[in-house]
Amino acid sequence: MKVYLDNAATTFPKPPEVYSSMMNYMMNIGTNPGRGVSTASLAGNRVILNCRYAIMDFFHFDKVENVIFTPNITTSLNTLIKSSVQTGWHVITSSMDHNATLRPLNSLFQKGIIELDILPCSKEGFINVDDFINKLKPNTKLVVLSHASNIIGSIQPLEAIGEICKNKNIYFIIDAAQTAGVLPLDFYKLNCNALAFTGHKSLLGPQGTGGFIIDDKLNQQCTSFIEGGTGSLSSSIVQPDFLPDKFESGTLNAPGIAGLLEGLNFINSEGLESIRKNEEYLCKSFIDGLLNISSINVYGSKCSSKRTATISINSSKIDNSDLGFILDSEYGITTRTGLHCAPNAHKTIGTYPSGTLRFGIGPFNDIKDINYTLSALNTIIRKV
């Protein structure tokens with residue numbers, strides 16, 4: 001039996017339509033979108049535009065040109081952060097955030113460009129809104145936060161934080177890597193200025209796809225981050241300042257975007273609420289089963305409604321790397337071990353430097369996968 005439980009890293013499998021649409025693009029369209037007026041190029045344009053509209057609708061946004069494609073969410077976050085910050089800004093992030101946020105912010109801090117506060121979270125991985133308010137300064141100009149932890153799934157109170165940012169004229173950027181395709185996300189209800197997403201996780205697209213949505217206010221603050229060919233204003237050596245071209249230099253991953261479009265279509269056809277309910281049910285079942293194994297410590301909230309279905313554990317009887325190896329090699333169960341590119345988060349929950357064994361439940365898992373995995377864990381731990 002093969003069980004894939006590393007969906008927090010990348011979802012697998014993808015819907016069949018994702019694979020077929022990518023192959024169709026490469027075999028029957030092939031050309032670069034936005035680079036000519038051939039029939040094939042125009043067909044590529046339609047694929048890209050259709051996906052922009054799908055992203056716009058999915059996040060309840062209203063300006064299709066403000067949907068920007070990038071190779072991944074790390075590029076999205078670097079673009080948003082480094083093209084917007086000004087010297088002397090005070091920036092806030094949290095101890096549960098991923099290195100995709102922490103590294104670019106730390107780089108700017110080390111260079112003396114920004115002041116940086118990394119807001120401590122609780123051991124269950126949650127931000128306290130009052131603690132956030134107490135960190136605000138007169139020169140606080142930017143807040144960058146993950147919507148949910150990639151280690152223990154803790155869902156942050158971003159609507160409340162976004163409202164505070166909006167009232168105080170602070171730019172607010174959301175890293176939705178772990179929640180896009182899992183939770184219903186409304187750009188305007190979140191009170192953010194930009195929402196960064198990745199295609200290959202719960203949006204069910206392929207690797208090499210991602211992007212961000214940006215409002216006009218933050219866009220006016222931003223300069224171009226990467227400059228080059230856009231297929232527009234080619235007579236000028238100056239980067240276009242209109243969207244999306246301002247942020248989309250070079251050839252887009254058109255086959256990947258075709259696949260991402262089909263991932264979004266699949267989610268819409270299945271229903272996001274239905275996907276969420278199934279993952280909540282599996283998450284609760286798995287946590288309940290883990291809590292019955294005395295040597296296993298489950299991190300984060302035990303309430304499935306307060307978290308995504310990303311679950312981290314350690315056992316007092318066996319190292320997490322050894323446990324992960326045995327699950328894979330002897331039982332065909334794919335997981336992820338270590339620090340998950342979020343060292344501060346592990347310090348917060350008390351698992352640094354060894355990290356955890358992480359299980360990421362996805363839309364194609366079922367209760368048989370959960371029961372098989374619990375049985376395997378029980379068997380392994382009884383033997384050690």
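Q: Let's start with histidine 60. Where is it?
A: Histidine 60 sits in the loop between α2 and β2 (67-70). Keep in mind that this is a predicted model.

Q: What's its phi?
A: For histidine 60, phi is near 55 degrees, which is a positive value in a residue other than glycine. Most residues other than glycine have a negative phi.

Q: And is histidine 60 buried, exposed or partly exposed?
A: Histidine 60 has a relative accessible area of 47%, so it is partly exposed.

Q: Which phi does asparagine 169 have, and where is that residue?
A: Phi of asparagine 169 is near 60 degrees, again a positive value in a residue other than glycine. Asparagine 169 is in the loop between α6 (158-167) and β6 (171-175). It counts as partly exposed because its relative accessibility is 47%.

Q: OK, cis peptides. Which residues does a cis peptide bond join?
A: One joins phenylalanine 12 and proline 13, with omega about -5 degrees. Another joins leucine 243 and proline 244, with omega about 5 degrees.

Q: Where do those prolines lie?
A: Proline 13 is in the loop between β1 (3-4) and α1. Proline 244 is in the loop between α7 and α8.

Q: Since α1 came up: how do its length and its 14 residues fit together?
A: Helix α1 covers residues 16-29, and at 1.5 Å a residue its 14 residues should span 20 Å. The C-alpha atoms at its ends are 19 Å apart, so that agrees.

Q: Which residues of α1 are buried?
A: Val18, Ser21, Met22, Tyr25 and Ile29. Looking down the axis of α1, these buried residues fall within an arc of 100 degrees, so they line one face of the helix.

Q: What do they pack against, and what's on the other side?
A: The buried residues of α1 pack against α2 (39-58) and α8 (254-270). On the other side of α1 you find Pro16, Met27 and Asn28, which are exposed.

Q: What comes just after α1?
A: Glycine 30, with a positive phi of about 75 degrees.

Q: Switching to aromatics. How many aromatic pairs are there in the whole structure?
A: Ten, from a search of the whole structure. Among them is phenylalanine 187 with tyrosine 188, an edge-to-face pair with 5.4 Å centre to centre and 75 degrees between the planes.

Q: What about phenylalanine 212 and phenylalanine 247?
A: Phenylalanine 212 and phenylalanine 247 form an edge-to-face aromatic pair, 5.4 Å centre to centre with 75 degrees between the planes. That pair links distant parts of the chain, 35 residues apart: phenylalanine 212 is in strand β8 (residues 210-214), and phenylalanine 247 is in the loop between α7 (216-221) and α8.

Q: How accessible are phenylalanine 212 and phenylalanine 247?
A: Phenylalanine 212 is buried, with a relative accessible area of 0%. Phenylalanine 247 counts as buried too, at 10% relative accessibility.

Q: Which residues form an aromatic cluster?
A: Phe58, Phe59 and Phe197 form one.

Q: And which residue lies over the face of tyrosine 352?
A: Lysine 347, at 4.7 Å from the ring centre.

Q: Now the core. Which residues touch the most other members of the largest nonpolar core?
A: Phe59, Phe132, Phe172 and Leu195, out of its 62 residues.

Q: What is phenylalanine 132 in contact with?
A: Setting aside neighbours within four places in sequence, phenylalanine 132 is in contact with Ile92, Leu119, Ile127, Val143, Ile161, Ile164 and Cys165.

Q: Last one: tyrosine 299. Where is its place, and what does it touch?
A: Tyrosine 299 is in the loop between β9 (296-298) and β10 (310-315). Not counting residues up to four places away in sequence, tyrosine 299 touches Ile152, Arg307, Ser312, Ile313, Asn314, Ile349, Thr351 and Thr356.

Q: Is tyrosine 299 buried or exposed?
A: Tyrosine 299 counts as buried, because its relative accessibility is 12% and the cut-off for buried is under 20%.

Definitions and conventions:
Residues numbered from 1 in each chain as written. Predicted model: local features only at pLDDT ≥ 70, side-chain atom pairs only at ≥ 80, totals over all residues. Heavy atoms only, no water. Helix = DSSP H or I, 4+ residues; strand = E, 2+ residues; numbered from the N terminus. Expected span 1.5 Å × (residues − 1). Buried < 20%, exposed > 50% of the residue type's maximum accessible area, 1.4 Å probe, protein only. Arc of directions from axis to C-beta. Contact = heavy atoms within 4.5 Å. Phe/Tyr/Trp six-rings, centres within 6.5 Å; stacked < 30°, edge-to-face > 60°. Lys NZ or Arg CZ within 6 Å of the ring centre and 35° of its normal. Core = buried A, V, L, I, M, F, W, Y, C linked by side-chain atoms within 4.5 Å.
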